[in-house]
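Please work through the exercises below with the sequence and the model open beside you. Each task is followed by a solution that goes step by step.

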Amino acid sequence: MPSARTVLGGVTIQRQPAAEQAAAALREAILSGRILPGTPLREVAIATELGVSRNTVREAARVLGSEGLIRYEMNRGAMVADITRQDVDDIYAARLALELAGVDALVSGRDPAALARLAELTSQIEDAVARRDVTAATEGDRLFHAALVAATGSARLQRFHAQLQQEQRLALSLAERSSRELGRSADDHRELLDALSGGSDQARAALRAHLDNGAAELHRLRQLIGRRREDGPDGG
């Protein structure tokens, strides 16, 4: 039996901690909102601030490009991905289709233990919102909706949903930031959880309302960020 080296053509793994660290720093700045959507990324300024080479910054940008956080435009270079109205609508339409399947699975009783998991996550989200811990609230929201789809028992649907969550990371981060930007002080996952314990029609309607609220809030935040960008972006 040939060795792994022979099978892989002698390829070796090259560790690039500097690029990984640069990508992590940029990712955190983007997802925290310190660098706004649509902001150009200036290689020289970023390399100087991080104390790395421009090539390292380019490698980091490629990583974030694969995650959907950075886009490249002709004659403009790399910039933080901007979220359009159509992007928001597409994201929430796709979520609705996948998560309704999870609702149907829960209501039909295919995975009774899932409700207990959703209840635990709801409490975690409420606690995070009360503490104004945006990172924990965002992660709790991600896990809640992933658990909802997991109730289907379909590995394929879970993969689709995981891919969607990766694509919408920036959008979800902005949505959670709106608790500060738009003055939201409460969370509605508890209402959705209560509806999931009822009948199918009630649960499906609650999910639609939950996602509609999320989309509307994200549209409002896009407008707020657009106005702020016109006044002068705070990143770059």
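**Exercise 1: a histidine**

His210 lies in helix H11, residues 200–231, where helices are DSSP runs (H or I, at least four residues) and strands are DSSP runs as well (E, at least two), numbered from the N terminus. The model is predicted, with local features needing pLDDT of at least 70, side-chain atom pairs counting only at pLDDT 80 or more, and totals for chains, interfaces and linings using all residues. Residues are numbered from 1 along each chain as its sequence is written, and side-chain values use heavy atoms, with hydrogens and water left out.

Task: decide whether His210 is buried or exposed, and list its contacts.

Solution: Because its relative accessible area is 8%, His210 is buried (buried means under 20%, exposed over 50%, partly exposed in between, with a 1.4 Å probe and protein chains only). Apart from neighbours within four places in sequence, His210 is in contact (heavy atoms within 4.5 Å) with His145, Asp188, His189 and Leu192.

**Exercise 2: a methionine**

Solution: Ala61, 18 residues away in sequence, has its C-alpha 9.1 Å from that of Met79.
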